[in-house]
Amino acid sequence: MSVTSIESIEQFERIINYKNNEEKAIVIANFWATWSEPSVQLSQLFAQLASQRSNATFIQIQADLFEELSERFNISAVPTYLFFKVGRVEDRLEGANPTALSNKINLHVPFQGEDLNTRLTKLVNIAPVVLFMKGSPERPQCGFSSKMIDLLNKNKIKFGHFNILGDQEVREGLKKFSNWPTYPQLYFAGSLIGGLDVAKELSEQNELRQLAPSEALF
């Protein structure tokens with residue numbers, strides 16, 4: 001499914017209020033701006049995710065050109081993503097976080113037509129460093145995940161994340177894919193490093209930061 005660029009408020013209203021009980025009941029709107037580089041970059045990912053899904057409608061709105069819509073939906077930052085169902089906002093996501101965007105879209109519109117191993121291979125490569133955890137870095141939902149985040153921050157390693165609590169298929173499938181039965185799981189450049197104990201040991205030996213991809217260091 002391609003992304004529709006909104007050119008009028010009437011077009012926007014027609015799309016989000018379309019009463020359809022079939023597959024395309026969800027409308028995902030990207031409020032973005034050409035002057036925001038993170039917003040432009042995330043729009044490319046938004047288009048990629050849209051192209052992989054035929055069971056939703058994807059639209060994009062230039063927030064500064066449609067101030068009425070921005071005020072109506074309290075858009076205070078770009079990018080902001082709204083998830084509509086028959087005209088009502090069901091969910092929203094603010095900020096240029098590619099992992100959070102992928103997770104949120106997959107939660108509402110699961111990817112179809114791809115086998116699990118192929119999907120997992122793509123997920124472990126969504127960023128140079130990826131942490132599969134319970135919750136999010138802002139709100140970890142288990143102590144081990146929280147300690148792993150602290151460890152990565154201590155070593156000044158940037159990372160993407162995937163919340164396994166939001167996707168049971170990934171939660172169970174990744175255990176077999178990686179041959180690692182517990183969470184969190186840490187990946188560098190698509191390869192499993194291990195869980196908290198392994199990462200902690202590597203950190204104590206001053207090897208964790210050395211092993212991390214250079215583009216993930218700050």
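I will start with a cluster: Phe 12, Phe 31, Phe 73 and Phe 84 are linked by ring pairs. Rings of Phe, Tyr and Trp (for Trp, the six-membered ring) pair if their centres lie within 6.5 Å; planes under 30 degrees apart count as stacked, over 60 as edge-to-face, and the rest as tilted.

Before the details, the basis. This is a predicted model, in which local features need pLDDT of at least 70 and side-chain atom pairs count only at pLDDT 80 or more, while totals for chains, interfaces and linings use all residues. Residues are numbered from 1 along each chain as its sequence is written, and side-chain values use heavy atoms, with hydrogens and water left out.

Back to the rings. A pair of aromatic rings is described by the distance of the centres and the angle of the planes. The structure holds eight aromatic pairs. In one of them, Phe 12 and Phe 73 have ring centres 5.8 Å apart and planes at 65°, so this pair is edge-to-face. Phe 12 sits in helix 1 (residues 9-16) and Phe 73 in the loop between helix 3 (67-72) and strand 4, so that pair links parts of the chain 61 residues apart. Helices (H or I, at least four residues) and strands (E, at least two) are DSSP runs, numbered from the N terminus.

Phe 12 also pairs with Phe 84, again edge-to-face, at 5.8 Å centre to centre and 80° between the planes. Phe 84 is in strand 4, 72 residues from Phe 12 in helix 1. Are Phe 12 and Phe 84 buried or exposed? Both are buried, and Phe 73 is buried as well. Buried means under 20% relative accessible area, exposed over 50%, and partly exposed in between, with a 1.4 Å probe and protein chains only.

Next, strand 4 itself, residues 80-85, where five of the six residues are buried. Which strands does strand 4 pair with? One is strand 2 (residues 26-32), antiparallel over six bridges; the other is strand 5 (residues 88-94), antiparallel over six bridges. Two strands pair if DSSP finds at least two bridges between them. Phe 31, from the ring cluster, stands opposite Thr 80 in strand 4. On the strand 5 side, Phe 83 stands opposite Asp 91. The hairpin of strands 4 and 5 has two residues between the strands, and Val 86 there takes a positive phi near 50°.

Last, Lys 104, placed in helix 4 (residues 98-108). Its relative accessible area is 19%, so Lys 104 is buried. Leaving aside neighbours within four places in sequence, Lys 104 is in contact with Phe 83, Asp 91, Arg 92 and Leu 93, contact meaning heavy atoms within 4.5 Å.
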